[in-house]
Each structure stands twice: as C-alpha cells, then as structure tokens.
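I opened the model to look up its layout, its cores and its charged pairs. My notes follow.

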Amino acid sequence: MQSLRILIVDDSPAMRAYVRRTVQLASLPVKNVFEAANGAEALDIVKKENRDPLRLDLIFADLNMPVMNGWDFLEAYRYLNEDLRQGTVIVMLTTSEYEMD
C-alpha cells in the first residue's frame with residue numbers, strides 16, 4: 001500500500017488530534033497529514049495539495065463548522081475540476097446527533 005496523504009477538517013483542534021491519533025492507531029501508512037479548521041480552508045488545501053503526482057487520498061470532514069460547514073464543503077468540492085477530485089475518498093464525521101433522510 002502506498003503512503004497516504006490525509007486532510008482532516010474540523011473546527012475543534014481536539015477532534016483533529018483525535019482523528020490523527022485514530023489514523024496512527026490503525027497503522028495506516030501515512031506520508032502527510034494536513035489540517036483545516038473549516039471547509040473554506042480545506043478547499044484551499046485541496047487546490048494547493050491535490051496535484052499530480054501527489055494527491056490527497058483521504059479527507060475526514062466534520063459536518064458542523066463555522067465559516068463553511070461540511071455540507072457546503074462537499075457541495076463546493078463537487079464543482080472543483082475533476083482532476084482535483086479524482087481518487088480522493090471523503091469521510092464525513094460529526095459528534096452531534098443527525099439523521100440522514
């Protein structure tokens with residue numbers, strides 16, 4: 001397995017640390033971990049870091065954040081150039097109760 005490049009998006013520094021630690025405990029082969037406090041920062045990182053030959057492999061994103069929440073991040077991400085999106089998996093996280101319709 002190749003070394004992973006991961007982006008963790010959450011307004012809580014404690015939650016970002018928790019996700020980072022969970023990734024470490026899972027013994028995933030990690031090359032880089034980037035962090036963003038909201039969806040707008042995450043989009044900037046995606047635009048900067050998601051280029052050939054290095055790509056972000058995995059994004060963990062919180063649903064509830066100020067500035068740009070997880071849903072708005074997903075919507076904006078969807079409209080990025082396909083070259084920026086290709087091959088990246090997004091996992092949405094939340095600590096609040098939320099029911100998907």
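I call a residue buried under 20% relative accessible area, exposed over 50% and partly exposed in between (1.4 Å probe, protein chains only). Helices (H or I, at least four residues) and strands (E, at least two) are DSSP runs, numbered from the N terminus. This is a predicted model, so I note that local features need pLDDT of at least 70, side-chain atom pairs count only at pLDDT 80 or more, and totals for chains, interfaces and linings use all residues. Residues are numbered from 1 along each chain as its sequence is written, and side-chain values use heavy atoms, with hydrogens and water left out.

**Layout.** I found 4 helices and 4 strands in the chain. Along the sequence they run β-α-β-α-β-α-α-β. The chain has 101 residues, and 37% of them count as buried.

**Helix H3.** Which residues of H3 are buried? In this helix, residues 70-78, they are Gly70, Phe73 and Tyr77. Seen down the axis of H3, they fall within an arc of 55°, so they line one face of the helix. I took the arc from the directions from the helix axis to the C-beta atoms.

**Cores.** I next looked up the nonpolar cores (sets of buried Ala, Val, Leu, Ile, Met, Phe, Trp, Tyr and Cys residues joined through side-chain atoms within 4.5 Å). The largest has 16 residues; Leu7, Val9, Val46, Ile59, Phe73 and Tyr77 touch the most other members. Strands S1 (4-9), S2 (30-36) and S3 (58-62), helix H2 (39-49) and H3 each supply at least two residues of this core. H2 gives the largest share, 4 residues. Another core, of 7 residues, lies apart from it and includes Leu4, Ile6, Val19 and Val23.

**Salt bridges.** I counted a salt bridge when a side-chain nitrogen of Lys or Arg lies within 4 Å of a carboxyl oxygen of Asp or Glu. The whole structure has 4. Glutamate 49 pairs with arginine 5, the closest N and O atoms being 2.9 Å apart. This pair links helix H2 to strand S1, 44 residues apart. Both glutamate 49 and arginine 5 are buried.

Arginine 16 and glutamate 35 also meet in a salt bridge (2.9 Å, N to O). Arginine 16 sits in helix H1 (residues 13-25), glutamate 35 in strand S2. Arginine 16 is buried at 12% relative accessible area, while glutamate 35 is partly exposed at 33%.

What else does glutamate 35 meet in a salt bridge? Its other partner is arginine 20 (2.9 Å, N to O). Salt bridges that share partners join Arg16, Arg20 and Glu35 into one network.
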